[in-house]
Amino acid sequence: MATVARQDFARSTPNRRLRPTETTWTIILFLLPTLVLLGVFVIWPIVSSFQLSLYDWDGLSPTREFIGLENWTRLRSDNIFWKAFRNNFTLVTLSLAIQMPLGVGLAVLLEQGEKLFIFKIFKTVYFFPMLMSSVAIGILFKYVYDPVFGIINPALEAAGLSSWTRSWLGDTDVALFSVIAVVCWQYTPFYMILYLAALRGIPTDLRDAAFIDGAGESRYYWSIALPQIQGTIRTAIVLSLIGSLKYFDLIWVMTEGGPSNASELMATYMYKKAFPSFDMGYGSTIASAMFIIVMLLSLVLMVLTRRFETEV
Amino acid sequence: MRTDKLIKNATLIALGTVWMVIAGAPFYFMALTGFKERFELFSGKGVFAMPENPTWLNFEDVLTGGSFFNYLKNSVLIVAVSVALILIISLMASYVFARIRFRLNRPLFILIIAGLVIPLHVTLIPVYLFTRNIGLYDSLWALLGPYVAFNLPISIFILTEFMRSIPREMEEAAFIDGAGPIRSFLRIILPLASPGVATLAIYNAVVLWNEFVFAFVLITSTDQLTLPLAIWEYQGQYSMNIPAIMSVLTLSALPLILVYIVGQERVLKGMMVGALK
């Protein structure tokens, strides 16, 4: 090993003058694959989407018709798109309102029960939903929600709540909420583990000091742990917000946005327009609008969290 | 004092059991139904009733009848190749961002990190058209480009942070000994970055193993399907045979659940890496 190193040393000494060029070449060579891939599969497609939004095209015929901003005016008065947009925001709001408190609660529960053996099993099983693909979860819950062969309605009947039973995915009033419940079921474990890691990261002397001062467990969590993990909570909120706007798989598998657009999201609507209906121009318009909305929201979040950080 | 503790533990276990039922019941339903006979669900007994004649038939049908192993092979292949490429490419880029000073370092890094929030749906139509134009449409390898490209920003972000936390002394010593940037990268940074790389590999593998949208848009032929897409196809094929579908779901979920049970802490760490930065 030592000889190799010495040889290296001997061989490279005369080249010292050339080092700046080697560095330049390293930069170019090492960044090239990344830049090419992102250029071809991310940046250029974004530009292309905006460009396609100016055309009327089925994606197959060799000619496409330039129609200017017509697709965009159509989008402005497209009730289904705005319904999908509102649904997306319902999804965002409910995701945050359910997953964040539930995630913190479960994390506290796991931390409290740490010493009990059965909690090893609990923790293992709690995380299972994150391991299945959204497609598998969607299909599974289609049957869980099934009015006859599922598990929700029979469970309600057994509990004497027969009047609550319904066609969970077929009823326009509840379909969106049924789907959101599954989204929460799937993602809560993720935030649970995130918060658990944050809780464990709190220095133990803070905890000890609190107990010496006579604080109980609940006082500790409320007054010390919660403020300590607020950075993590902020990260989780950003992740959840941005993730909810891009949601597609689960809704597509469970309802395809139906019944009659009741659970339509921007992503499912965009897919429907572009692929099954071969309206590539309008599909691109919806996709571009989604891009603008997500980017705007990200910017707002960035500014907000930064301001928040300086204030606190 | 002892009764206090007893009450506290009993409460904890009771609460824990409530969520255990919520999180676990669908899995129980899935596994149990897979062992039932086709028409048993129509018999009017409860869905949680034990199978009358537990049968492996559904599982056997899936494993021998269709092309389950072909889908499995497709998924393993595309995930393995994609993850390998993601790791190599992002290691190279991260090294430049973490260690080499040049004017465009910061702007380029920010540009790549902005890729973290881009909704992939905005690229779906152009990527579909592009794939068709280059003749890769409807092939497993059509997924390679999008799979690698979309996971680069997060991977580069994580690895750059990781490399910045590696002390510079060894590289400085190597520099004095005349080592250039490439040698530093291969001999010093790569070995030291391996824990970060392992975590990142798990993260990317899980994400891609479950990926659906690109596969859904870019592939139609049955012999090219990945596992998530195949489940979707099975569902169409067996729509009224619930036990058969449940056995497919169970089999498709099993690999990841087994890996998770064996290496729980590593898998958890890998899956959380995107959030813990």
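Glu265(B) and Lys123(A) form a salt bridge in this predicted model, with their closest N and O atoms 3.5 Å apart; a salt bridge here is a side-chain nitrogen of Lys or Arg within 4 Å of a carboxyl oxygen of Asp or Glu. Across the interface of chain A and chain B, the rule finds one salt bridge. Glu265(B) counts as exposed at 52% relative accessibility, whereas Lys123(A) is buried, with a relative accessible area of 11%. Buried means under 20% relative accessible area, exposed over 50%, and partly exposed in between (1.4 Å probe, protein chains only). Since Glu265(B) lies in helix α12 (residues 264-276) of chain B and Lys123(A) in helix α5 of chain A, the pair joins two chains. Helices (H or I, at least four residues) and strands (E, at least two) are DSSP runs, numbered from the N terminus.

This is a predicted model in which local features need pLDDT of at least 70 and side-chain atom pairs count only at pLDDT 80 or more, while totals for chains, interfaces and linings use all residues. Residues are numbered from 1 along each chain as its sequence is written, chains are lettered from A and ligands numbered from 1 in the order in which they are written, and side-chain values use heavy atoms, with hydrogens and water left out.

The contact between the chains (heavy atoms within 4.5 Å) takes 93 residues from chain A and 94 residues from chain B. The buried area is about 8,400 Å², with carbon and sulfur atoms giving 80%; this quantity is the accessible area (1.4 Å probe) that two parts lose on being put together, summed over both.

Within chain A, Glu114(A) pairs with Arg200(A) in a salt bridge whose closest N and O atoms are 2.8 Å apart. Glu114(A) lies in the loop between α4 (79-112) and α5 (118-126), and Arg200(A) in helix α9 (residues 175-200), so the pair ties together parts that are 86 residues apart in sequence. Glu114(A) is partly exposed at 40% relative accessibility, and Arg200(A) is partly exposed at 42%.

A further salt bridge links Arg207(A) and Glu217(A) at 3.3 Å, N to O. Arg207(A) belongs to helix α10 (residues 204-212) and Glu217(A) to helix α11 (residues 217-228), so this pair ties together parts ten residues apart in sequence. Salt bridges that share partners join Glu111(A), Arg207(A) and Glu217(A) into one network.

Chain A as a whole has 15 helices and two strands, and buried residues make up 50% of its 312 residues.
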